[in-house]
Amino acid sequence: MRIDRIALKNFFRYYGTQTIVFSKETNKNVTVIRGENGTGKTTLLNAFYYVMYGDVMEPLKIDNMLNLRAAEELKEGETISASVGMEFEERNERYLVNREEKFEKINGKIIHDKHKYIEIYRIDSITGNAEKENDDFIEKIIPKRLRSFFFFDGERINKLAQVDGKEEIKKAILDILGVTMLDNMSKDLEQIKSEYTKELKWNL
């Protein structure tokens, strides 16, 4: 997957529509986003989580996704959306995905519409027509259980570099190889073997 751009609309700290276009040049294909604490870097990371998988990391909550300024400007009875759209390429095909939450002001309160809105389209390279994909399409590209190893912040790098991070790295490797279940079964069998051995010695 190569991400070309991401657009955030009234998404937590991001008021209105803010778009980031990522570098695609062969010899300049790294985009650096720098900012002080509290300027929205982690929120941007959550934007990737949200548009791809429909959730965010704590302490953020989807019910509070609507930007505060946008919420204050909303008039009684009006509806507004908070959304994230992303354009990316996968195996030389171009895709567009948009996920949004709708909010309405009723009796002075902002009410979150719990219905899930997501659209994923493949853009035909010849005709330019958009063909709808299944909602779980991205899960087939980067499984949700592995997302934190593709989308992470600097604090996570430090965590993985510490001794305590070894088990997390091991789990990720097992997930990639698809043998997590076998590893868990092996541990369970070892425990059963240990308990059985103790019981056998006791009976003897």
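**View A. Strand β4 is joined to strand β5 (residues 109–123) by 12 bridges, and the two run antiparallel.** The model is predicted, with local features requiring pLDDT of at least 70 and side-chain atom pairs pLDDT 80 or more, while totals for chains, interfaces and linings use all residues. Numbering starts from 1 along each chain as its sequence is written, and side-chain values use heavy atoms, leaving out hydrogens and water. Helices (H or I, at least four residues) and strands (E, at least two) are DSSP runs, numbered from the N terminus. Within this pairing, Arg99 has Ile118 of β5 as its bridge partner. β4 and β5 make a hairpin in which 2 residues lie between the strands. Asn107, in the turn, has a positive phi of about 55 degrees.

**View B. The protein has 6 helices and 6 strands.** Read from the N terminus, its elements follow the order β-β-α-α-β-β-β-β-α-α-α-α. The protein has 204 residues, and 34% of them count as buried (under 20% relative accessible area, with a 1.4 Å probe and protein chains only). Among the contacts (heavy atoms within 4.5 Å) with a separation of 6 or more, 53% are between residues 24 or more positions apart.

**View C. The 6 strands form an open sheet with antiparallel pairing.** Their order across the sheet is β2-β1-β3-β4-β5-β6; strands count as paired if DSSP finds at least two bridges between them. The edges are taken by β2 (14–21) and β6 (130–132); each has a single partner strand, so one side of each is left without a neighbour in the sheet.

**View D. Strand β3 (residues 79–90) is joined to strand β4 (residues 93–106) by 12 bridges in an antiparallel arrangement.** Thr79 has Glu104 as its bridge partner in β4. Glu90 stands opposite Glu93 of β4. The hairpin of β3 and β4 has 2 residues between the strands, and Arg91 takes a positive phi near 55 degrees there. Of the 12 residues of β3, 10 are buried, and the strand is thus mostly covered.

**View E. Strands β1 and β3 pair in the antiparallel sense.** The pairing runs over 7 bridges. At one of these positions, Arg2 has Glu89 of β3 as its bridge partner.

**View F. Strands β5 and β6 pair over 3 bridges in the antiparallel sense.** Tyr121 stands opposite Lys132 of β6. The hairpin formed by β5 and β6 has 6 residues between the strands. Gly128, in the turn of this hairpin, has a positive phi of about 80 degrees.

View G. Helix α1 spans residues 41–53 and includes Thr43. Thr43 counts as buried because its relative accessibility is 6%. With neighbours within four places in sequence left aside, Thr43 is in contact with Phe11, Phe12, Arg13 and Tyr14.

Note on methods: Buried < 20%, exposed > 50% of the residue type's maximum accessible area, 1.4 Å probe, protein only.
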